[in-house]
Amino acid sequence: MKRPTITTIDGKKHEIRNIDGRAYRVVAEFDNNLPKFGDSDFIEKHAEIIAEFFDGVTPDDILDLPLEDIAPASLEVRSFVFNTIYAKSKAIEKNAPEDKATEQ
């Protein structure tokens, strides 16, 4: 899985930090309350969720990016978090010992 990166207005390339357990809650809450396209804070909300996952990057840094890059970057970050959790869950299931109760 390719880790999302952001190149901020200062020209520095930032890679998404290692995600922790809180990441799922943050992304799930965002997705459950997705800003609507016509909302006045649509872009700001996406900038906030992106900045949440990059050290040294603020929502203002994200707002300085080209407009057409912000929503796709938000989707990339959220997809990365969900896909990381899903992949780990599948690996755990695959390596879990078989349930003896279902064998009988």
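**View 1. Glu 52 and its salt bridge to Arg 22.** Glu 52 is partly exposed in this predicted model, with a relative accessibility of 28%. Its side chain meets that of Arg 22 in a salt bridge, 2.7 Å from N to O. Glu 52 sits in the loop between α2 and α3 (59–63), and Arg 22 in helix α1, so the pair ties together parts 30 residues apart in sequence. Arg 22 is partly exposed, at 37% relative accessible area. The structure holds 5 salt bridges.

**View 2. Arg 25 and Glu 29 within helix α1.** Their side chains form a salt bridge, 3.8 Å from N to O. Both residues lie in helix α1, 4 residues apart, or about one turn of the helix. Arg 25 is partly exposed, at 44% relative accessible area. Glu 29 is partly exposed too, with a relative accessibility of 42%.

**View 3. The salt bridge of Lys 45 and Asp 41.** The closest N and O atoms of this pair are 4.0 Å apart. Lys 45 is partly exposed, at 34% relative accessible area. Asp 41 is also partly exposed, at 29%.

**View 4. The largest nonpolar core.** This core has 20 residues. Those with the most contacts inside it are Ile 6, Ile 16, Ile 49, Ile 50, Phe 53, Phe 54 and Ile 62. Helices α1 (21–32), α2 (42–51) and α4 (67–95) each give two or more residues to the core. α4 gives the most, with 5 residues.

**View 5. The surroundings of Phe 54.** Neighbours within four places in sequence are left aside here. Phe 54 is then in contact with Pro 4, Thr 5, Ile 6, His 14, Glu 15, Ile 16, Arg 17 and Val 77.

Methods:
Residues are numbered from 1 along each chain as its sequence is written. This is a predicted model: local features need pLDDT of at least 70, side-chain atom pairs count only at pLDDT 80 or more; totals for chains, interfaces and linings use all residues. Side-chain values use heavy atoms; hydrogens and water are left out. A nonpolar core is a set of buried Ala, Val, Leu, Ile, Met, Phe, Trp, Tyr and Cys residues joined through side-chain atoms within 4.5 Å. Buried means under 20% relative accessible area, exposed over 50%, partly exposed in between (1.4 Å probe, protein chains only). Contact means heavy atoms within 4.5 Å.
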